[in-house]
Amino acid sequence: MVEDESLVRGVARAMRELDDSDEKWLALAEGRLSPEEREKLELEAKESPEDARKFEAYSPIDEGVARQMAASLDGNPVRRQRVRRWIVSGSALAASFAIFLGSRPEAEDPLPAFTASVRVGDAVERGSALETRGLSELPSTRADSTIEVLLRPASEATRQPRVVVWIQSERGRFASPVSAEVADNGAIRLRGEVGAIAAADHGPVSVVLVVASSPEADMERIAAEMLSLEADGMRRSQTGPSWQAIRVDALIRAVEEPR
Amino acid sequence: MSKRPQDIKGGSHIEPRSREELRGALTGAPHQRHALALTLIPVIHGRVARVLVRKRSKSKGRGLRQDIEDLTQDVLVRLFEDDSKILRRWNPQRGMSLRSYVGLVAERKVLGILRSRSRSPWTEFPEPGNDESLINARAVSIQGQIESSEFLEVMAERLTERITPLGMRVFKLLFVEQRTVKEVATQMQTTAGALYVWRNRLSRAVAEVRAELEEEGVLYGGG
């Protein structure tokens, strides 16, 4: 059919154009550019935001990071130090950042490294320092807003991790009535309404996820220690020999009664 | 013009030229496997970056770098898992270097990862069908589709994901580079008859991808 042939030619043309326009960028990623060619590309990137974005995306992976990736093929957890990143999407706060640098190699049941992605309700936040934020600066949210904590393993988990979710609120410290889900590949997700997860309708709340590969890990104690840390200037994540933990704080706004 | 990575990096990278060399690298000492991985990581990185840059061309306020590294790692692991089953499928007699083969596989894998929720649970990457530009695309006729670079790019992407690296190699040689059947047969060490079969198969795949996109409501054929 003529139309089909035209479509095949059109798709081929699109591929050709994409190949042509991407070639120099692929060469950059693969380290095939001469220093002069690379310099030229860098200069072009300074002139155009789109090229700047591409330059960042295609710049060769750091040799040390590449070596860690290669080592991960032997089952060694990745110890990449990543830059924390923030996503602001619509009216939701979405904070993604690397919290775990992997378990210690001497652990009998090492966990893979995880990347955490945290989205909290309807608060809007831009790149501020979550780790140094005081109580008055906590993300403000409603009880019926959604919170999602997503932990993605950098490599497939060798065994399914155990997860507990603990809460600190004005009511005290207790296990959340909402459980986290664990996917086949070891990804972990806690998702639900803030009020349901924290069993609270107002006030400051802290949510701690503890992930462990070893049945020996005292997860309740780890959660308690994480929850007892001061909110101001604390570390948001901690790593032990066979466990990892993350804490997320939020302030639930009381809903005003209609007048 | 361009240097090869192994020229730049010295002896820590290896690039097998034959299946035997590949087997040697895969089954040899760990440092050989690492050296092979170090050769392939830049290739995978380039293809992952290519896909993500394209997909996120309209996203704002967000760096791609971390996602690119995460997906590069993910694809690398997939290449080496199951006793490196995917890598072992490479056949240099088809006229493709290992790097070219891995490039095609990587692009296909990353598109698959981004599209498949089951393989990427709770992923934060947007589904292609949710891409703003596609949802907002107006209904176009077949002629409009052929003239729409956006539509053709989506078609190219889906086709990359759908057909095997070997099929993609044939598609590129026959349709993208517009080489003759005779030339391709020589390069791929196959027969003209086999290539005609491929040609029909690939044309059918293009038609199927178009139908698939229309069915998904990504773009519309009527009008």
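This note goes through a predicted model point by point.

1. **Ground rules.** Residues are numbered from 1 along each chain as its sequence is written, and chains are lettered from A, with ligands numbered from 1, in the order in which they are written. The model is predicted, so local features need pLDDT of at least 70 and side-chain atom pairs count only at pLDDT 80 or more, while totals for chains, interfaces and linings use all residues.

2. **Make-up of chain A.** Chain A contains six helices and twelve strands. Both kinds of element are DSSP runs, numbered from the N terminus: helices are H or I with at least four residues, strands E with at least two. Chain A has 259 residues, and 40% of them count as buried. A residue is buried if 20 or more other C-beta atoms lie within 10 Å of its own, exposed if 12 or fewer, and partly exposed in between, with C-beta atoms placed from the backbone.

3. **Contacts in chain A.** Take the contacts with a separation of 6 or more: 67% of them join residues 24 or more positions apart. Contact means that the C-beta atoms of two residues, placed from the backbone, lie within 7 Å.

4. **Confidence in chain A.** The mean pLDDT (the predictor's confidence in each residue, from 0 to 100) is 73 for chain A, and 69% of the residues score at least 70.

5. **Handle with care.** Over residues 79-107 of chain A, pLDDT stays under 50; the model has 70 contacts beyond four places in sequence for them. Residues 122-136 of chain A also stay under 50, with 28 such contacts. Where pLDDT is low, the predicted coordinates should not be read in detail.

6. **Where the chains meet.** Helix H3 (residues 49-58) of chain A and helix H3 (residues 30-55) of chain B cross at roughly 145°, and their axes come within 9 Å. Axes are lines fitted to C-alpha atoms, for helices over the stretch in contact, and angles run from 0 to 180 degrees between N-to-C directions. H3(A) contributes A:Lys54, A:Ala57 and A:Tyr58; H3(B) contributes B:Gly46, B:Ala49, B:Leu52 and B:Val53.

7. **Two aspartates in chain B.** Most residues other than glycine have a negative phi. B:Asp82, in helix H4 (residues 65-88) of chain B, has a positive phi near 55°. B:Asp83 lies in helix H4 of chain B, and its phi is positive too, about 55°. B:Asp82 is exposed because it has 9 C-beta neighbours inside 10 Å. B:Asp83 is exposed because it has 10.
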